[in-house]
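Please consult the sequence and the model while reading.

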Amino acid sequence: RRFERSKNSADEKLNRLHGYTEERLKALEEKVQRHLDDSRALTRNALCTQGWQEIEPLSASIYSRSSKVLPQSFPENVRRFWRLKDRSNSDALTELLQHYGIQGYQYWDQEEKLVAPVSLARLTPKTDLPPMLRKAVHAHP
């Protein structure tokens with residue numbers, strides 16, 4: 001009996017360890033796949049020379065299971081990407097900056113006071129965006 005209990009206990013420990021190891025391997029596999037997808041997207045995007053060519057998104061920290069969650073403002077082709085610099089598209093550009101967690105906008109204008117960076121990952125609605133981000137995008141599209 002004693003031997004049976006210790007055998008069952010050892011089996012349970014091994015099963016838990018096996019489950020943990022499988023979870024870690026799956027997480028690593030997903031991470032490697034994201035990096036491969038990003039490398040592929042960077043290569044394809046670098047070769048785009050025509051306005052009609054489609055842009056492939058890079059991964060951000062926002063994921064829903066295995067599919068990428070993109071903001072509505074993500075440009076689907078080169079022409080729409082370059083249109084982001086029009087002042088009329090500053091809200092879309094601001095949304096993309098927030099989505100990808102771009103930092104350093106505080107320093108785009110040398111005349112403004114330097115402030116500590118704000119983490120954009122925890123901000124969601126447009127109204128939560130730091131006023132400096134909107135101002136920086138409008139001044140430097």
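Q: How many of the eleven residues of α3 are buried?
A: This is a predicted model, in which local features need pLDDT of at least 70 and side-chain atom pairs count only at pLDDT 80 or more, whereas totals for chains, interfaces and linings use all residues. Residues are numbered from 1 along each chain as its sequence is written, and side-chain values use heavy atoms, with hydrogens and water left out. Buried means under 20% relative accessible area, exposed over 50% and partly exposed in between (1.4 Å probe, protein chains only). The helix α3 is largely enclosed by the rest of the structure, because the number of its residues that are buried is eight.

Q: Which residues of α3 are buried?
A: Helices (H or I, at least four residues) and strands (E, at least two) are DSSP runs, numbered from the N terminus. The helix α3 covers residues 90–100, and G101, whose phi is positive, near 65°, follows α3. The buried residues in α3 are S90, A92, L93, T94, L96, L97, Q98 and H99.

Q: What pattern does the chain follow along the sequence?
A: The chain contains four helices and two strands. Read along the sequence, these elements give the pattern α-β-β-α-α-α.

Q: Which residues does A92 contact, leaving aside its neighbours within four places in sequence?
A: Contact means heavy atoms within 4.5 Å. A92 is a member of the largest nonpolar core. Leaving aside neighbours within four places in sequence, A92 is in contact with S73 and L84.

Q: What distance separates the C-alpha atoms of R134 and Y105?
A: R134 belongs to helix α4 and is partly exposed, with a relative accessible area of 28%. Y105 is part of the largest nonpolar core. Although R134 and Y105 are 29 residues apart along the chain, their C-alpha atoms are separated by 9.5 Å.

Q: What percentage of the residues of the chain count as buried?
A: Accessible areas come from the Shrake-Rupley method with a 1.4 Å probe, and for residues only the protein chains shown count as cover. The accessible surface of the chain comes to about 11,000 Å², of which 54% belongs to carbon and sulfur atoms. Of the 141 residues, the share that counts as buried is 23%.

Q: Why are D37 and R40 separated by about one helical turn?
A: A salt bridge is a side-chain nitrogen of Lys or Arg within 4 Å of a carboxyl oxygen of Asp or Glu. D37 and R40 form one, at 3.1 Å from N to O; D37 is partly exposed at 25% relative accessible area, and R40 is partly exposed at 47%. They are separated by about one helical turn because in helix α1 they are three residues apart.

Q: Which residue forms a salt bridge with R44?
A: The structure holds three salt bridges. In the one made by R44, the closest N and O atoms are 2.3 Å apart. This pair links distant parts of the chain, twelve residues apart: R44 lies in helix α1, and its partner in the loop between α1 and β1 (63–64). The partner of R44 is E56.

Q: How far apart are the closest N and O atoms of R80 and E76?
A: R80 is partly exposed, with a relative accessible area of 43%, and E76 is partly exposed at 40%. In the salt bridge of R80 with E76, the closest N and O atoms are separated by 2.6 Å.

Q: What is the angle between the planes of F81 and W82?
A: Rings of Phe, Tyr and Trp (its six-membered ring) pair if their centres lie within 6.5 Å; planes under 30 degrees apart count as stacked, over 60 as edge-to-face and the rest as tilted. A search of the whole structure finds one aromatic pair. F81 and W82 form this edge-to-face pair, with 5.4 Å from centre to centre and an angle between the planes of 75°.

Key. A nonpolar core is a set of buried Ala, Val, Leu, Ile, Met, Phe, Trp, Tyr and Cys residues joined through side-chain atoms within 4.5 Å.
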